[in-house]
Amino acid sequence: MTKLLVAKEYLKNFYSKYEIYLWPVCKFIFAFAALIMINNKIGYMHRIESLAIVLVVALMCSFLPVGCVVVFSGVFVLLHLYTLSMECAIVAFMLMLVMMLLYFRFAPGDLVILLLTPMAFVLKIPYIMPLAMGLVGTPASVISVGCGTILYFFLNFINENNTTINAMEDEITAKFRYLIDGLIDNKAMVVTVAAFAVTLIIVYLIRRLSIDHSWTIAMVAGSLVNVMMLLIGDLMYDTNVSIIGIMVGSIISLLLAKVLQFFIFSVDYSRTERVQFEDDEYYYYVKAVPKLSVATPAKTVKKINTQKNQSTVNKTMPRTVNTVNSAARARTESTQSSGASHGAGASHGTGAAASRTVGAASAGSKSAGTVRTVNTVNNVANRTPQHGGERSSLNHKD
Amino acid sequence: MLNEDRIILMTHMASYEAHEGKKNVKVGNYFRGDYIGFQVLNSIISATIAFVIVFGMFIFYDFEVFMQDIYKMDLLEFAREVLTAYLVVTGGYVVITYIVYWRRYNKVKKSLKRYYSNLKKLSGIYEK
């Protein structure tokens, strides 16, 4: 566990250090994955299937806000559907427009979920969405996940029935009716939306409880409820879901949710503290759970310098080394001179401190600790004024 | 001489200004009534467009039947039903909008209040 926590800290430090480069890279990967999935799933327009176009669009998305990935993905979907049939594109556009107007106007930040949910469906792990959103989101996320689910099922319906749609060549009204029926009378979609909504709310409610391991309990309970609802839905409405698919998908989703928990909410319940106090207006019953965190061990590189390397140190840190030389010589001088016993004692101390400092400085570390040590040496050196004059002359001798 | 408290405060404030502060200052420039009124107006427009889309799809779904029945049906009654549905949908949506933006405005005001109090504190540190 400690190793994992250390790895997490490394990752966090790495991300915070290179965030300016990593964030566009993440957006690029997200956009690229989304467009590739769209092209693979509903690739009717061959012109936009080319890798060059996908790369260019993904590259554009990496410099634009995340919402643009969703917009470009929407455009790709509509272009593919338009190639199949204009009616499909119109119905899909209307569906997206209504979603945008009625919900995503309130929560533009949730727009990403509209794209992530169908992507999770394609990856066969859609059950991660209600779990993840229940853990990190609010009950309002039910609408985002629901919209994503509806969109996926609609596109899936078109994809599965493309030959039927193509066969209805000029029957615009019939085609339109067929698409609307496919959207409304999709029992599997209704069952999935209901199961996801209930799962998300259960996960949200349990993870907010003041009980130990609430997040783990929430995700396990959520997964069980989700599986149960999908199976009951299958029994009631004959939705033809794959039981093994649900089980495997749920287990993988559970594991992914656990990873999410590790990065967002890792606490040490064994050190939970319960305190009680009061002020003029209230009694407080506080439960404080400490976060699990470890400091990343600082790497120290120790070099054993040869005489040649010592000259390098002299070049890079002349002040420190001069101080050492002066301090060391001061000791010699003061030992030789009579009646300078106080100065000798001070110089001796300085010499010892300075020797330690050379070790740190020659390690080549750029850490603040090293800098601080160097300053200390200078300060100590400044406290031995009797060698100020000697320093230059002795260095000159070197 | 570096003042750690001042640096911490300034870092927090700079982070706030760079992220949520940008949006919050814009919202804070409005009076509550103006802000909520503007959002409600937006909602009415959005709900109207959405209603027209859904209604259009509903008509087009059974377009042939609708065209056959159009001469038989009581158009006034039909218009009244459509209007009632529109008012119910828009009214419901407006109520939700009002609640959401009322809460959001209060939250923003509270956050801005904290920000301005930090500004005062910072100015106090400078005066010391």
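**View 1. Where chain B meets chain A.** In this predicted model, 11 residues of chain B are in contact with 11 residues of chain A (contact means C-beta atoms, placed from the backbone, within 7 Å). On the chain B side, helix H3 (32-61) and helix H4 (63-69) are the elements that give two or more residues, and H3(B) supplies the largest share, 8 residues. Helices here are DSSP runs of H or I with at least four residues, numbered from the N terminus. By type, the chain B side divides into 9 nonpolar, 1 polar and 1 charged (nonpolar: Ala, Val, Leu, Ile, Met, Phe, Trp, Tyr, Cys and Pro; charged: Asp, Glu, Lys and Arg; polar: the others, Gly among them).

**View 2. Helices H4 and H5 of chain A.** The axes of H4(A) (residues 66-84) and H5(A) (residues 86-104) come within 6 Å and cross at roughly 150°; axes are lines fitted to C-alpha atoms over the stretch in contact, with angles from 0 to 180 degrees between N-to-C directions. The two helices are therefore roughly antiparallel (an angle over 145 degrees). Among the residues making the contact are Gly74(A) and Leu78(A) of H4(A), and Ala89(A) and Phe93(A) of H5(A). This contact divides into 11 nonpolar, 1 polar and no charged residues.

**View 3. A look at Thr216(A).** You will find Thr216(A) in helix H12 (residues 214-237) of chain A. Thr216(A) counts as partly exposed because it has 16 C-beta neighbours inside 10 Å (buried is 20 or more, exposed 12 or fewer, partly exposed in between, with C-beta atoms placed from the backbone). Glu87(A) lies 129 residues away from Thr216(A) in sequence and 45 Å away in space, C-alpha to C-alpha.

**Notes.** Residues are numbered from 1 along each chain as its sequence is written, and chains are lettered from A in the order in which they are written. Local features need pLDDT of at least 70, and side-chain atom pairs count only at pLDDT 80 or more, while totals for chains, interfaces and linings use all residues.

Technical notes: Parallel < 35°, antiparallel > 145°, perpendicular 65-115°, else oblique. Contact = placed C-beta atoms within 7 Å.
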